[in-house]
Amino acid sequence: VHNSLESMADDHGGAWLGALGEMNDTMKVVARVAYEGEGALFDRHSRSIAFQLDWFVKNELPFDDLPGGDLVRQGIVDLQAGEETIPALLVSIAYPRLSMLPLTLPGPIGGQLPEHRLYELLVTTEGDGAYGRYNSLIRRMVSFARAASRLGSFVIPRSTSSCFSGRLLLSSTDRLRPMSNEDQILRESCGLFTWPAEALVLTGADRARFLHGYVTCDVKALEPGQSVYGFVTDAKGRILADVTVLALDDALWLELPLGTADAIQAHLSKYVVADRVEMSRLDRVVLGLVGPRAIEAVAAVPAAVDRHHDIEVGEIAVRIHRKSEVGEPLFTLWVPADAVDAVRDALRADGVVSDVSLDAFDRLRVQVGQPRFGVDFGPENFPQETGIENAVSYEKGCYLGQEVVARIHYRGGVNRHMRRLRLSDDTPLEVVGKSLLLEERAVGTVSSVVTTADGQRLGLAVVHKRAEPGARVMIEGGGDAEIATL
């Protein structure tokens, strides 16, 4: 193994990638092949392998070596002490994703959306600089979550049968599945993953009329079996969450970003007075199916985008919803919470469907220019800044925040826009959260970056209008990118 690795190193000019997030598949094999004591077998790769071993062998996160690790560490401490600090609010905002990591997390701060509380706190301390500071802090949390999740791109066997004298061995039955395999699944077959959402259900005779008044999309026009995408906005026209509304015969299902359902329910409940509407959490888990063979993975898929109906998967009733494509057909399955494992097993049974990670889906959506709430935009943004043009109806009439949103549309527009980034080859990999500079002035912050199968590096960012499409901007810390439209 050592000789093979040395040969491969020579073939690549000895240029072993040593930084977190830059590990190639061979280096991952090294981490899995053997581990002795507290160090790696090969000093040459000790830093990268140590990251892997901290994660998989010791089940600990190397906070000090991850971007934003200091904020996460302090936020956990502050939450445990019951203190509402900037780090505590950041951990609360990132709680859905951080809870998937091997961290012991106290409960997040409840009540009002932590995003809004953080922004209000920053206004008092930063004044006019609150927007930039908020963006910078959120991007650091995104960088932490992504860097930490990259450590989990494969699994080291923990059973005693795989261990001998402190050394972990790669067994013949436990093969490494590199991330490139996931990309191949999404290009050639069908990937299955947990959709990053949670849900509310609205019932009652006034449900459509009530919800219509608090979202940017036209709910009252929906017929059963149809859906519509939009934003929940506050009185100032800023985005509280994005939402997909599914109309059923006797209810509305609301698909919301992870970590927002409770806050949105509390927000909407404030406005229920004499309306005949009831609101509660929906006991369903949403799964994603994406890929060219997604249509054959389940029977009787909806014929058109934004349509949904009930089907059976493994004799379990689930609701399938057809979404806009991300270069490949995309569906969500709304599965009863107690039947998720059975549905997953049934979908994988014929070999068409394979599990993939959310990061693999993120690579698809960024390539087609599809931003995501909580990653690429959030409560500091107006709807027009997201670049999602079909999320707002300008004919539907009044809703909370409508006056501001309409004024922007008809009278002035916004100063910032969601843009695609084409990063140069020499740009460092870890640039999420870094500022974009035009003539030495900050014009935005990198929110997403992916590497495509053909080696292109693409990203997303909300960018000031000074940086027009075609402009070249410098990236804080090194590298540059070309601004492009979505």
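Predicted model: local features only at pLDDT ≥ 70, side-chain atom pairs only at ≥ 80, totals over all residues.
Two strands count as paired if DSSP finds at least two bridges between them.

Strand 9 (residues 284-290) and strand 12 (residues 330-336) run antiparallel and are joined by seven bridges. Val285 stands opposite Val335 in strand 12.

## Nonpolar cores

A nonpolar core is a set of buried (under 20% relative accessible area, 1.4 Å probe, protein chains only) Ala, Val, Leu, Ile, Met, Phe, Trp, Tyr and Cys residues joined through side-chain atoms within 4.5 Å. The largest one has 38 residues, of which Leu98, Leu118, Met141, Leu421, Leu436 and Val473 touch the most other members. Helix 8 (residues 130-150) gives the most to this core, seven residues; helices are DSSP runs of H or I, at least four residues. A second, separate core of 25 residues includes Val215, Ala241, Leu254 and Leu256.

## Confidence

The chain averages a pLDDT (the predictor's confidence in each residue, from 0 to 100) of 80, and 76% of the residues score at least 70. Over residues 152-179 the pLDDT is below 50.

Residues are numbered from 1 along each chain as its sequence is written. Local features need pLDDT of at least 70, side-chain atom pairs count only at pLDDT 80 or more, and totals for chains, interfaces and linings use all residues, while side-chain values use heavy atoms, leaving out hydrogens and water.

Conventions. Contact = heavy atoms within 4.5 Å. Helix = DSSP H or I, 4+ residues; strand = E, 2+ residues; numbered from the N terminus. Buried < 20%, exposed > 50% of the residue type's maximum accessible area, 1.4 Å probe, protein only.
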